[in-house]
Amino acid sequence: MSVPDNQWVYRFGDGVADGSAELRNLLGGKGANLAEMCNLGLPVPPGFTITTDVCAAYYDNDTNYPEGLEEQVTDALTHIGELVGARFGDPENPLLVSVRSGARASMPGMMDTVLNLGLNDVTTEGLAKRSNDARFAYDSYRRFIQMYSDVVLGVDHFNFEDILEAFKEDNGYELDTDLTVEDWAGIITAYKACVDDNLGEPFPQDVHKQLWGAIGAVFGSWRNARAETYRRLHNIPESWGTAVNVQAMVFGNMGESSATGVAFTRNPSTGEKALYGEFLVNAQGEDVVAGIRTPQNITESARREAGSDDPSMEALMPVVFAQLRAIYEKLEGHYRDMQDLEFTVQEGKLWMLQTRSGKRTTKAALKIAVEMATEGLITKDEAVARIDPSSLDQLLHPTLDPTAEREVLATGLPASPGAACGEIVFNPDEAEQLKATGRNVILVRIETSPEDIHGMHAAEGILTTRGGMTSHAAVVARGMGRPCVSGAGGIYIDYATQTMRCLDVELKRGDVITVDGSTGQVIKGRVSTIQPELSGDFGTLMSWADVSRRMGIRANAETPLDARTAREFGAEGIGLSRTEHMFFESDRIVAVREMILSETQEGRRAALDKILPMQRDDFTELFEIMSGLPVTIRLLDPPLHEFLPHSDEEIAQVAEAMGADPEILRARVGALHELNPMLGHRGCRLAITYPEIPEMQARAIFEAAIAAAKSTGKPVIPEVMVPLVATKAEFELIRERIVAVAEAVQSETGEAIEYLVGTMIELPRAALRAAEIAETAEFFSYGTNDLTQTAFGISRDDSASFLAEYANKGILEVDPFVTIDIDGVGELVSIATDRGRSVRPDIKLGICGEHGGDPQSIDFCESIGLDYVSCSPFRVPIARLAAAQAALSRKSSKDA
């Protein structure tokens, strides 16, 4: 097809398309893939895509459309009619269309869809005569009235559901398919009356008015609350906009030879290479995803595994099933990724309505990536690049202990793996509120809808009584990494009384349940959990990542548990051991307080002598666990007031230990109080005023290094880090004392000690004066937590009250304490890196703030050539993968 200038509309159909998969940004994911499937010769109903440029113009011009759009839409609509042999609005042979959204990033269920558009009182009769099936025509019309009224006119869908359910109950019907032609005619009359009652005007009969109303609703839905929430959670820019896809309708509700379904080329929960999905006979697409009817399995093997008596598509429609399998294989090979497809069978003919890369759990993503690389479909580097590093969190959460006792209330479908315990809540708003107070909740719903997304994100797990494995709840939960059990039909939920009942067991709001998304079990009470084992596909992919990455990955750890966990997750050393955390142990806090409250150096040294063996043991264990890997130990950093006694009981305890007057100690506590301790007497300032503290810590470090080297047989090279340095003079004064202690320990033991002395760069002045500091500092570790605080002049502990508003108003795109502020803090880090290396080319450079586990910040660290990042133990796998992706990204840029 030829493409005119200022083209707002791209057509597809009959094996030819204006667009292709490469135009994803312009056509959105759905439109680009419909064009691509058409170009591949697959059976795609003809249609057209209104581009994302129109969405931008629509909002830029006060919700007015650009010039020329209406004419192009009219021409494209005529073209669809020519291809299918029908005409839009024709009373005897009407063309019906669907109107769907389609952003460049998949946002399942977040925006609006309208089906069967083009029906009115007249065209419905024409459709009935042409199809020779009045029941089908009326069923389609009532669906259209409900959907259009909800999406476009603002009449809530429950109004129509109440009418239908009341009618079925009055007439003893169980299923929608039980209604007769006359029944549907009566329902249509009631639906139209409902619209008139709610709006004061009749349901629109002008099909062109219907079309533009639906197009406007799709563009409007780009900024609805659920879409905005989804974009925020998935970092999708609002500027991308959405496309609108208008496509000739095909009908899965034309009798027993018709069907509709959703399927994946591989299992989205486990990654197994097997066709996976569900379908419904004599239904339309929304019936599958909305959970209104329980769908049937596509394959016989899945039906047997589920224990279902309903026939599979493989058995019921073998010819169509074979066509579907062949198409799926073709599409997965073409896109080189697992595909999520929607299809409709109209009177025995298969039509493909959508293909996209399927949402999947992290476990499935790993398996799919590893197996596709093994199959030769993608490379190992591509496999590494396909896993979202942050999603690895899904693998690091506890699962239910298989030996624990369980009181199973019901079993539903295992919609999203993992396990979660929490209080029952029935309302998504309440779920969000309770989460904000630190309480864990399970969101319990009859079925979820896109409006529930904020509550689903807040919940630890999700339970629904309706819906299948491809329902809204299942798809969204898998994408969020939330455990989910869907279709637990044995549970009855009463929103009015805030209760859920299963047989003779009734639970109320606030009671605790456990959901196991791997088995589908719903369990009364709290069940014990076990930690996951990271092996198999995870180990394979991480080994590929380790080959690809350049930067080292260390962990922030000061306890033996942290250190062991870090090693298990692949840490290559400790990048930050906060020694002050060791001081809060019950067996040493009194001695620490003695040291702080003593007014003489002799008194402080006496207290430090009590602490020395404890610190030495701490460091020895850390060195032994790390077994020759580098360990960076930060000298005492926080202000002393954090350790001070405050209650009368605590003061009395210290006074007794010191043989001092409690009132004198109370006065000493008051004297040590600071108005702004974060910028007060802390870090290297403590070491300068109380040199006996770093001397004790240095001795503990060096004696521990000797002991650990002997016990492990591995050389231990401790890295002693001086915190909060602003000047070269500060650093050198403390360094001299550390070196003196090292020489003394070597003299006393006769053992040589290899070590490094460096500093944290966490003040803007230190970053700017990095060249002179590097003259004697052998390494820099960027403490980006404090560097962010001091660069912005913001307290991290107090910023939550206003940073969200900064993000909402576009002042800051991201929280600078989560992702490094590249333009400001990042520039300080870059300056310090360049100036430090200008003096000491081999200076070791790393980052040890919370940013060390953030993928975007890690990418920045790779861009400036840092040697390592250090993060919390459970973020180590994320950092390993993010570092590999950052290295691969730069490699591909150079190759290009």
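1. In this predicted model, N282 sits in the loop that joins strand 10 (276-281) to helix 10 (285-290). N282 is not a glycine, yet its phi is positive, at about 55°. Its relative accessibility is 12%, so N282 counts as buried, the cut-off for that word being under 20%.

2. A second residue to check for its backbone angle is S627. S627 is not a glycine either, and it has a positive phi of about 45°. The loop that holds S627 runs between helix 22 (601-626) and strand 29 (631-634). With 24% relative accessibility, S627 counts as partly exposed, because buried means under 20% and exposed means over 50%.

3. How many disulfides does a search of the whole structure find? The search finds zero. C421 is in no disulfide, and the nearest cysteine sulfur, that of C484, is 15 Å away. A disulfide would need the two sulfur atoms within 2.5 Å. C861 is in no disulfide either: its nearest cysteine sulfur belongs to C848 and is 11 Å away. As for accessibility, C421 is buried, with a relative accessible area of 14%, and C861 is buried, with a relative accessible area of 1%.

4. Eight strands form an open sheet with mixed pairing, in the order 15-25-24-17-18-19-20-16. Which strands stand at the edges? They are strand 15 (407-411) and strand 16 (413-416); each has a single partner strand, so one side of each is left without a neighbour in the sheet. From one strand to the next, the twist averages 35°.

5. Within it, P414 stands opposite V485 of strand 20. As background, the strands of a sheet pair through backbone hydrogen bonds, and they may do so in a parallel or an antiparallel way.

6. A helix also lies across part of the sheet. Helix 16 (residues 428-436) lies across strand 17 (419-425) and strand 18 (441-445). Relative to strand 18, helix 16 runs at about 180°.

7. E558 is placed in the loop between strand 27 (552-556) and helix 20 (560-568). Is E558 buried or exposed? E558 is buried, with a relative accessible area of 8%. What does its side chain reach at 2.9 Å? The side chain of E558 reaches the backbone nitrogen of R578 at that distance.

8. Two packed helices are described by the angle between their axes and the distance between the axes. For helix 6 (residues 157-171) and helix 7 (residues 181-199), the angle is about 145° and the axes are 10 Å apart. The crossing of helix 6 and helix 7 is right-handed. On the helix 6 side, the residues that meet helix 7 are N159, F160, I163, L164 and F167.

9. The last point concerns G758, which is found in strand 31 (residues 756-761). G758 is buried, with a relative accessible area of 0%. Leaving aside neighbours within four places in sequence, G758 is in contact with V720, M721, V722, F731, A777, E778 and F779. The C-alpha atoms of G758 and S781 are separated by 7.9 Å, and the two residues are 23 residues apart along the chain.

Definitions and conventions: Residues numbered from 1 in each chain as written. Predicted model: local features only at pLDDT ≥ 70, side-chain atom pairs only at ≥ 80, totals over all residues. Heavy atoms only, no water. Helix = DSSP H or I, 4+ residues; strand = E, 2+ residues; numbered from the N terminus. Buried < 20%, exposed > 50% of the residue type's maximum accessible area, 1.4 Å probe, protein only. Pairing = 2+ DSSP bridges. Axes fitted to C-alpha atoms, helices over the stretch in contact; angles between N-to-C directions. Contact = heavy atoms within 4.5 Å. Polar contact = N/O pair within 3.5 Å; in protein donor to acceptor, adjacent residues only side chain to side chain. Left-handed = near helix turned anticlockwise from the far one by under 90°.
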